[in-house]
Amino acid sequence: MTDTASNLVPVFDGHNDTLLSLERRSNTPKERSFFEEAGHDHIDLPRARKGGFAGGLFAMFTPSVRAKPKEGKEVDFKSPEHFKGVPQQEALDYTLKLFDIAEDLEAKGNSEVKICRSTTAIKEAMAAEQLAMMLHVEGAECIDKDFEALELLYNRGLRSIGPVWSRETIFGHGVPMEFEHSPDIGPGLTDVGKELVRQCNHRKIQLDVSHLNEKGFWDLAKITDKPIVASHSNVFKICPMSRNLTDKQLDAIAESKGLVGINFAVFFLRPDGQLNSDMPLDVILRHADYLLNKLGEDGVALGSDYDGCLVANDIKDVAGLPNLIEAFRKADFGEELIAKIAHKNWISVLERAGI
């Protein structure tokens, strides 16, 4: 690691699946404590301190298959069973379980972990060297068509939501994770999906277009009066994965003064789409350069997808974040731009959204 603890660049990241990871590891041979350094997975508090990870948007995602993985066996997302829909009440119950985990981390964290409900709270937590958690729902199956659950979750601390994961909901359609495949797959937002956009705008809940198909993206763009955010997506022209963003989508995000968080998942980065962690950090820099040209210096951030994907060996967990920062330095990004990408742009876009 190049940096020392005294000069780490703080990273506020747009997406991780750590709450889900902690839940799925519980009562299994790989169970781990967030407050102790583990030799597997990506985020815990000791490694966060080593890497300058100051916090981020912590996702609450309900898997289609909720049985705990057996020892030595991880989720196979090539299997169709992992893309089946989830009943609303089951998804709400699971989401509330993940809320419980987040609140438990805050309660047991000896003032080192803080759930943040505003950008002001994020700034205060970072200044106090607390890990700043803002809560996000990935895939809105937990929300009912009357939006009673949305109000419940908002009151509990929800501040960001993705209408879909890569499966169909009552709100719209997600994109499958297919290489050399356009994101223009399936119809757009349903009527209740369009109303979800309005309800979130009204409550000042950030909407996240990562996982949303292209027609749904354009429906959302027509309705929302907030910046368009893709929390963990990359450049389709570099890596033609259906989860990545086309130039037209990037132009719309730029026009809205929105933001894209660079996803660390290797098969969303590599031009060959391979699930191979032997990947130089130059590939991330290529996506960053492209996004900077399309979105400007205020529109690019990080959306690692830690604890939810396979990442490059050089940034294998949050303790490896300084290696990416150093790669930006070697590419002459400059300290102010690096700070924007690392944390300032997320805070700014959340402020622009009124959060």
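**Close-up views of a predicted model**

**View 1. Lining of the second largest pocket.** Eight nonpolar, two polar and two charged residues make up the lining of the second largest pocket. Here Ala, Val, Leu, Ile, Met, Phe, Trp, Tyr, Cys and Pro count as nonpolar, Asp, Glu, Lys and Arg as charged, and the others, Gly among them, as polar. The model is predicted: local features need pLDDT of at least 70 and side-chain atom pairs count only at pLDDT 80 or more, whereas totals for chains, interfaces and linings use all residues. Residues are numbered from 1 along each chain as its sequence is written, and side-chain values use heavy atoms, with hydrogens and water left out. The space in this second largest pocket comes to about 320 Å³. Of its 12 lining residues, Pro 10, Arg 49, Gly 52, Ala 54 and Glu 129 are the closest to the centre. Helix 2 (45–51) and strand 2 (53–61) each contribute at least two residues to the lining. Helices (H or I, at least four residues) and strands (E, at least two) are DSSP runs, numbered from the N terminus. On a 1 Å grid over the protein atoms alone, a pocket is an open set of points with protein on both sides within 12 Å along at least five of seven lines, a cavity is a set where a 1.4 Å probe fits but cannot get out, and lining residues have an atom within 4 Å of a point. Points are joined across faces, edges and corners, and a volume is the space filled by probe spheres set on them.

**View 2. The second largest cavity.** Four cavities of 30 Å³ or more are counted by this rule. The second largest cavity holds about 50 Å³ of space. Its lining includes Val 175, Pro 183, His 211, Arg 243 and Gln 249. By class, this lining has five nonpolar, six polar and one charged residue.

**View 3. Leu 19 in the largest nonpolar core.** Leu 19 and Ile 143 touch the most other members of this core, which has 96 residues. A nonpolar core is a set of buried Ala, Val, Leu, Ile, Met, Phe, Trp, Tyr and Cys residues joined through side-chain atoms within 4.5 Å. Buried means under 20% relative accessible area, exposed over 50%, and partly exposed in between (1.4 Å probe, protein chains only). Beyond its neighbours within four places in sequence, Leu 19 is in contact (heavy atoms within 4.5 Å) with Phe 58, Ala 59, Met 60, Leu 98, Ile 101, Ala 102, Leu 105, Met 133 and Leu 135.

**View 4. Strand 4 and its partners.** Strand 4 (residues 131–138) has eight of its eight residues buried. One side carries Leu 131, Met 133, Leu 135 and Val 137, and the other Ala 132, Met 134, His 136 and Glu 138. Strand 2 runs parallel to strand 4 and is joined to it by seven bridges; Gly 56 has Met 133 as its bridge partner there. Strand 3 (residues 113–115) is also parallel to strand 4, with three bridges, and Lys 114 is partnered with Ala 132. Two strands pair if DSSP finds at least two bridges between them.

**View 5. Strand 8 beside strand 7.** Both faces of strand 8 (residues 259–262) are covered, with Leu 259 and Gly 261 buried on one side and Val 260 and Ile 262 on the other. Strand 7 (residues 229–230) runs parallel to strand 8, and two bridges join them. Ala 230 has Val 260 as its bridge partner in strand 8.

**View 6. Packing around helix 11.** Seven of the 10 residues of helix 11 (residues 321–330) are buried, among them Leu 321, Leu 324, Glu 326 and Phe 328. The buried residues of this helix pack against strand 1 (11–16), helix 2, strand 2, helix 10, strand 9 (300–302) and helix 12 (335–352).

**View 7. Tyr 290 in helix 10.** Tyr 290 belongs to helix 10 (residues 282–295). Its C-alpha atom is 9.3 Å from that of Lys 237, which is 53 residues away along the chain. Leaving aside neighbours within four places in sequence, Tyr 290 is in contact with Val 235, Lys 237, Ile 238, Asp 247 and Leu 250.

**View 8. Two loop residues with positive phi.** Asn 27, in the loop between helix 1 (18–25) and helix 2, has a phi near 60°. Asn 27 is exposed, with a relative accessible area of 70%. Glu 180, in the loop between strand 5 (158–162) and helix 6 (191–203), has a positive phi of about 55°. Glu 180 is exposed, with a relative accessible area of 62%.
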